[in-house]
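Dear colleague,

My findings come after it, and I would be grateful if you could read them with the structure open.

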Amino acid sequence: MSEHSSSSLVTYVGIWAALIFGTILTYFAARIDLGPFNAAVALTIATTKTLLVALFFMHLKGASEKLLKLVVISTVFFLLILLALSMADYGTRAWS
């Protein structure tokens, strides 16, 4: 095994361990009553895990600048679609 592949394996195992730790941390954070900060803590952990997956497993770390711009633009575009559809649902509910 070459040095590159063994360091990649160590990196991937480390990222996998960090993702497992993040999952466990999410579970225990959900069991603690943090009041209005529950969602913020859960989203922070989820964002960190998402960044790990995107940077290492999707190989965005070290990718070209054009590819990074494309990923960011498409992510923001789909986030806006999600928010628009959520707000449309929220706005059309019959409140009693």
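This is a predicted model: local features need pLDDT of at least 70, side-chain atom pairs count only at pLDDT 80 or more; totals for chains, interfaces and linings use all residues.

Domains. The domain assignment divides the protein into domain 1 (1-62) and domain 2 (64-95). Their C-alpha centres are 23 Å apart.

Largest pocket. The volume of the largest pocket is about 160 Å³. Its lining consists of Thr-50, Leu-51, Ala-54, Leu-55, Met-58, Leu-60, Leu-68, Val-71, Val-72 and Thr-75. Sorted by class, these lining residues comprise 8 nonpolar and 2 polar residues, with no charged ones. Two helices, H2 (38-57) and H3 (65-91), each provide at least two residues of the lining.

Nonpolar surface patch. A nonpolar patch on the surface is formed by Leu-9, Tyr-12, Val-13, Trp-16, Ile-20, Ile-24, Tyr-27, Phe-28, Val-53, Phe-57 and Met-58. Together these residues have about 1,100 Å² of accessible area. Helix H1 (3-31) and helix H2 each supply at least two residues of the patch, and H1 contributes the most, with 8 residues. Met-58 deserves a separate remark: this residue sits in the loop between H2 and H3, belongs to the nonpolar patch and also lines the largest pocket.

Salt bridges. The structure contains 2 salt bridges. One of them joins the side chains of Lys-69 and Glu-65, at 3.7 Å from N to O. Both residues belong to helix H3, where they are 4 residues apart, or about one turn of the helix. Helix H3 thus carries this pair and also supplies at least two residues of the pocket lining.

With kind regards

Terms used:
Residues are numbered from 1 along each chain as its sequence is written. Side-chain values use heavy atoms; hydrogens and water are left out. On a 1 Å grid over the protein atoms alone, a cavity is a set of points where a 1.4 Å probe fits but cannot get out, and a pocket is an open set with protein on both sides within 12 Å along at least five of seven lines; lining residues have an atom within 4 Å of a point. Grid points are joined across faces, edges and corners, and a volume is the space filled by probe spheres set on the points. Ala, Val, Leu, Ile, Met, Phe, Trp, Tyr, Cys and Pro count as nonpolar, Asp, Glu, Lys and Arg as charged, and the others, Gly among them, as polar. Patches are made of residues with over 30% relative accessible area and no salt bridge: like charges are joined within 9 Å, nonpolar side chains (Val, Leu, Ile, Met, Phe, Trp, Tyr) within 5 Å. Accessible areas come from the Shrake-Rupley method with a 1.4 Å probe; for residues, only the protein chains shown count as cover. A salt bridge is a side-chain nitrogen of Lys or Arg within 4 Å of a carboxyl oxygen of Asp or Glu. Domain bounds come from an automatic or database domain assignment.
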